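Trainee: Can you walk me through this one? I'd like to go from the overall layout down to single residues.

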Amino acid sequence: MPGRSIDLNPVSRITVGAIGKPGQRTFYIQARKGAELVTLVCEKEQVSALCMALEQWLEELRVKYPKGAKFSPLDIDMELEQPLAPLFRVGQMGLGYDEKNDLTVIVLTELLPEDVNPDEASSVRLFCSRAQIEAFSRHGLQVVAKGRPICPLCGKPMDADGEIQGFCPRRNGHSDEIVFA
């Protein structure tokens with residue numbers, strides 16, 4: 001059975017957020033068009049990668065399609081809306097561009113178990129203005145940055161005491177303390 005496909009064209013609101021303590025947070029992407037609210041669960045790395053890609057995307061659009069490049073940054077409430085009732089966990093993400101309407105399209109596809117036919121995955125397409133994309137990416141990078149610090153040697157998350165979760169191969173057992181220069 002094919003998955004569900006939802007288009008919010010255009011979104012009236014898009015945001016990203018995390019619930020929980022650093023190291024145990026759950027990340028959400030949320031969008032609204034009128035009365036329809038779509039909430040999706042995703043990974044911290046997905047949020048980070050999407051936000052960085054959107055920043056680069058905006059710069060590419062500014063060069064390739066300069067007509068829509070001038071916009072006022074949005075100063076809006078970016079908190080998640082309740083209730084948090086996710087439709088699915090995001091597996092794949094993609095970007096597109098609707099040149100006629102000058103809208104970026106974020107495509108989010110459901111993560112399915114390996115033994116399930118990929119055609120059964122649900123997907124959501126979010127059509128967003130450049131100002132919405134800029135606010136989303138800026139806010140998303142702030143949400144990601146509120147997490148645990150990252151070990152400068154191996155890139156693994158550290159706890160509040162500066163201890164690395166798991167083994168740090170770069171330290172190779174020779175140092176109990178990481179010194180930040």
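Mentor: What follows is a set of questions and answers on the layout, the core, the helices, the pockets and a few residues. This is a predicted model, so local features need pLDDT of at least 70 and side-chain atom pairs count only at pLDDT 80 or more, while totals for chains, interfaces and linings use all residues. Residues are numbered from 1 along each chain as its sequence is written, and side-chain values use heavy atoms, with hydrogens and water left out.

Trainee: In what order do the elements of the protein chain run from the N terminus on?

Mentor: Helices (H or I, at least four residues) and strands (E, at least two) are DSSP runs, numbered from the N terminus. The protein chain has two helices and seven strands. Their order is β-β-β-β-α-β-β-β-α.

Trainee: What percentage of the 181 residues counts as buried?

Mentor: Buried means under 20% relative accessible area, exposed over 50%, and partly exposed in between (1.4 Å probe, protein chains only). Over the protein chain, the buried share is 38%.

Trainee: Which residues is L126 in contact with, beyond its neighbours within four places in sequence?

Mentor: Contact means heavy atoms within 4.5 Å. L126 is among the residues with the most contacts inside the largest core. Its partners are L8, V11, I14, I29, A31, T104, V105, I106 and L108.

Trainee: How far apart are the end C-alpha atoms of α1?

Mentor: The expected span of a helix is 1.5 Å times one less than its number of residues. With its 21 residues, α1 should span 30 Å. The end-to-end distance in the model agrees, at 30 Å.

Trainee: And what does α2 reach from its first C-alpha to its last?

Mentor: α2 has 16 residues, for which 22 Å is expected. The model comes close to that, with 23 Å.

Trainee: Which elements do the buried residues of α2 pack against?

Mentor: The buried set in α2 includes I133, F136, H139, G140 and V143. An α-helix has 3.6 residues a turn, so residues three or four places apart point the same way. The buried residues of α2 pack against β2, β3, α1, β5 (90-98), β6 and β7.

Trainee: Is S48 buried or exposed?

Mentor: S48 sits in helix α1 (residues 44-64). Leaving aside neighbours within four places in sequence, S48 touches L141 and V144. Because its relative accessibility is 17%, S48 counts as buried.

Trainee: Which residues lie nearest the centre of the largest pocket?

Mentor: On a 1 Å grid over the protein atoms alone, a pocket is an open set of points where a 1.4 Å probe fits, with protein on both sides within 12 Å along at least five of seven lines; lining residues have an atom within 4 Å of a point. The largest pocket has a volume of about 290 Å³, where volume is the space filled by probe spheres set on the points, with grid points joined across faces, edges and corners. Of its 18 lining residues, the ones nearest the centre are R25, F27, K44, E45 and R148.

Trainee: Which element gives the most to the lining of the second largest pocket?

Mentor: The second largest pocket holds about 220 Å³ of space and is lined by 13 residues. The largest share, four residues, comes from β2.

Trainee: How far apart in space are V124 and S5, C-alpha to C-alpha?

Mentor: V124 is in strand β7 and is buried, with a relative accessible area of 0%. In sequence, V124 and S5 are 119 residues apart. In space, their C-alpha separation is 5.8 Å.

Terms used: Core = buried A, V, L, I, M, F, W, Y, C linked by side-chain atoms within 4.5 Å.
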